[in-house]
Amino acid sequence: MSRKALVAYATRLGSTIEVAETVGAVLCQADVFVDVRLAQDVTGLDEYVAVVLGSAIRDGKWLPEAVHFLKRHQKALAVRPLALFVVSMTMAQDTPENRETVLGYLEPVLGDLPDLKPVDIGLFAGEIDAARLGYFARRAVHKLGAPPGDFRDWDTIRNWAARISPLLLSATPGKPPRGASGE
Ligand SMILES: Cc1cc2nc3c(=O)[nH]c(=O)nc-3n(C[C@H](O)[C@H](O)[C@H](O)COP(=O)(O)O)c2cc1C
């Protein structure tokens, strides 16, 4: 039987989509089919052997769709390998303090869901396109002290995905070889 993994994501301005797609592309190299989907569009996890969920941060929090995804699917997630990632401007500077801050954003979420034991949590720098921000978003970003620009580091993202791939996918047989019957 072929395996399928899910990369679900939550975004406001789109930069997390390409992060999710990059993670999905790397997982594909491990002999697994991968769906990359908006978290709120996912209705069930039965078809997936492993799940990655990523979200942008807004105002010190994971986006509500990502939190809702974890709550809604918590039973299924408790019995599947799960990895999480966070996209934030705090990680534009990768320091131990900033890592702690970003992990702190997840604490209230994971604290409420003790059955979920992520195999890893990726912490990635995101993107701020100042031209796309309205007045209040601009003020929030200004308060944050985050510099505008694209700080996504594709090597860091790809390396993380390659590292978690065996943690997520080592348990079950892979997709059939190209040309195998039934494809
Ligand atoms: C209004 C606003 C609030 C934000 N708040 C935070 C924050 O509290 N902490 C942080 O590290 N990054 C914060 N960010 C940065 C975003 O997490 C980052 O830009 C991310 O790449 C956005 O992802 P998206 O384009 O997928 O929505 C904020 C960005 C905006 C526009």
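Biologist: Which residues does Ala8 touch, not counting residues up to four places away in sequence?
Modeller: This is a predicted model, where local features need pLDDT of at least 70, side-chain atom pairs count only at pLDDT 80 or more, and totals for chains, interfaces and linings use all residues. Residues are numbered from 1 along each chain as its sequence is written. Two residues are in contact if their C-beta atoms, placed from the backbone, lie within 7 Å. Leaving out residues up to four places away in sequence, Ala8 touches Arg37, Ala39, Val42, Val51, Leu53 and Phe69.

Biologist: Does Ala8 count as buried or exposed?
Modeller: Ala8 sits in strand β1; helices (H or I, at least four residues) and strands (E, at least two) are DSSP runs, numbered from the N terminus. A residue is buried if 20 or more other C-beta atoms lie within 10 Å of its own, exposed if 12 or fewer, and partly exposed in between, with C-beta atoms placed from the backbone. Ala8 has 25 C-beta neighbours inside 10 Å, so Ala8 counts as buried.

Biologist: Thanks! Which residues touch the most other members of the largest nonpolar core?
Modeller: A nonpolar core is a set of buried Ala, Val, Leu, Ile, Met, Phe, Trp, Tyr and Cys residues joined through C-beta atoms within 7 Å. In soluble globular proteins, nonpolar side chains tend to be buried together. Here the largest core has 51 residues, and the ones touching the most other members are Val23 and Val51.

Biologist: And which elements each supply at least two residues of this core?
Modeller: We are still with the 51 residues of the largest nonpolar core. At least two residues each come from β1 (4-10), α1 (15-28), β3 (50-58), α2 (64-72), β5 (82-88), α4 (96-111), β6 (120-125) and α6 (154-169).

Biologist: What arc do the buried residues of α2 cover around the axis?
Modeller: The covering of these residues includes β1, β3, β4 (61-62), α3 (74-78) and α4. The buried residues themselves are Ala66, Val67, Phe69 and Leu70. They are on the same side of α2 because the arc that they cover around the axis is only 155°, where the arc is that of the directions from the helix axis to the C-beta atoms. In short, the value is 155°.

Biologist: Now the ligand: which residues come nearest?
Modeller: A residue is near a molecule or strand if its C-beta atom, placed from the backbone, lies within 6 Å of it. There are 24 residues around the ligand, and those that come nearest are Ser15, Thr16, Ala56, Ser88 and Gly126.

Biologist: Which element gives the largest share of the shell around the ligand?
Modeller: Around the ligand there are 24 residues. Two or more residues of the shell come from each of α1, β3, β5, β7 (127-128) and α5 (135-144). With four residues, the largest share is that of α5.

Biologist: How many buried residues does α5 have?
Modeller: α5 has 10 residues and is hardly covered. For α5, the count of buried residues is zero.

Biologist: Is Asp59 buried or exposed?
Modeller: Asp59 lies in the loop between β3 and β4. Its phi is near 50°, a positive value in a residue other than glycine. Because 9 other C-beta atoms lie within 10 Å, Asp59 is exposed.

Biologist: Where does Asp31 lie?
Modeller: Asp31 is a residue other than glycine with positive phi, near 60°. Having 15 other C-beta atoms within 10 Å, Asp31 is partly exposed. Its place is the loop between α1 and β2 (33-38).

Biologist: To finish, what radius of gyration does the chain have?
Modeller: The C-alpha atoms fill a box of roughly 55 × 35 × 30 Å, taken along the principal axes. The radius of gyration is taken over C-alpha atoms, and the globule rule is 2.2 Å times the number of residues to the power 0.38. For 183 residues, a compact globule would be near 16 Å, which agrees with the chain's 17 Å.
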